[in-house]
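The exercises below are meant to be worked with the sequence and the 3D view side by side. Try each task before reading the solution that follows it.

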Amino acid sequence: MTLGDRIRCYRGRKGLSQEALAEQVGVSRQAVSKWETDAAAPELDKLVALARVFGVTTDQLLTEEIPAEEVPPVRETPPPVEDRLDRAAGWLGRQIRRWGWLSGVYLTLWGLGAALLGTLAYAGFKRVLFPMGLQDSVVLEMLELESSYAFPLTFAKIIIGIGVAAAVAGVVLTIYLRRRR
């Protein structure tokens, strides 16, 4: 049995989490984890502090074999917030890779809706502004109010253009993400 195994066993006997033990010894939780996995060894003063916390001598901590039946099960300590965020980001990334193509579908539908709204607005403005079906330029020349009447029609054309561009981008995004999946 290694020193790391003994530290883990004594910690389990005391019912301490890695974080609680680290706090009592004056180190980080990561240091305790490294000791338990034998990736690092505690310094002499930390060995003394560990022995005090566990209620054993340093000789017992360093040399005593603990019978397997006395070894308590390892309690999982909750991962630090950073680890949970990394896992959440990983989960989100997997969901985006799996279902991201739906964002392309949503973008396409939004674009088609905007284009339809722009078309309806353009038709409505044209009908209100030019009720007799005359050509836009002829009526505007007659009224000599080109800028005030041109704005609603131009605005509707811009909305149509944005909607068509969004719909095309949505189709491209859907196809790209669907094939990439």
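**Exercise 1. Find how many aromatic pairs a search of the whole structure gives, and classify the geometry.**

Solution. In this predicted model, a search of the whole structure finds 1 aromatic pair. The partners are Y10 and F54, whose ring centres are 5.5 Å apart and whose planes meet at 25 degrees; because planes under 30 degrees apart count as stacked, the pair is stacked.

**Exercise 2. Describe helix α1, and state which helices its buried residues pack against.**

Solution. Begin with the length: α1 has 12 residues and reaches 17 Å from its first C-alpha to its last, which is close to the 16 Å expected at 1.5 Å a residue. Next, list the buried positions, which are L3, G4, R6, I7, C9, Y10 and R11. When reading such a list, recall that an α-helix has 3.6 residues a turn, so residues three or four places apart point the same way. The buried residues of α1 pack against α2 (18–25), α3, α4 (44–54) and α5 (58–63). Finally, look just past the end of the helix, where G15 takes a positive phi of about 70 degrees.

**Exercise 3. Locate the salt bridges of the whole structure, and decide for each partner whether it is buried or partly exposed.**

Solution. The search finds 2 salt bridges. One of them joins the side chains of E36 and R11, with an N to O distance of 2.5 Å. E36 lies in helix α3 (residues 29–36) and R11 in helix α1 (residues 3–14), so this pair ties together parts that are 25 residues apart in sequence. E36 counts as buried at 8% relative accessibility, and R11 is buried with a relative accessible area of 3%. The other salt bridge is formed by the side chains of D45 and K46, at 3.9 Å from N to O. Here D45 is partly exposed, with a relative accessible area of 47%, whereas K46 is buried at 18%, a value that has to be judged against the cut-off of 20%.

**Exercise 4. Work out what T174 is in contact with, leaving aside its neighbours within four places in sequence.**

Solution. First place the residue: T174 is found in helix α9, which covers residues 146–180, and T174 is buried, with a relative accessible area of 15%. Beyond its sequence neighbours, T174 is in contact with W101, G104, V105 and T108.

**Exercise 5. Summarise the protein chain by its helices and strands, its buried share and its contacts.**

Solution. Counting elements gives 9 helices and 0 strands, and the pattern read along the sequence is α-α-α-α-α-α-α-α-α. Of the 181 residues in the protein chain, 30% are buried. For the contacts, take those between residues at least 6 apart in sequence: 70% of them join residues at least 24 apart.

Definitions and conventions
Residues numbered from 1 in each chain as written. Predicted model: local features only at pLDDT ≥ 70, side-chain atom pairs only at ≥ 80, totals over all residues. Heavy atoms only, no water. Helix = DSSP H or I, 4+ residues; strand = E, 2+ residues; numbered from the N terminus. Buried < 20%, exposed > 50% of the residue type's maximum accessible area, 1.4 Å probe, protein only. Contact = heavy atoms within 4.5 Å. Salt bridge = Lys/Arg side-chain N within 4 Å of Asp/Glu carboxyl O. Expected span 1.5 Å × (residues − 1). Phe/Tyr/Trp six-rings, centres within 6.5 Å; stacked < 30°, edge-to-face > 60°.
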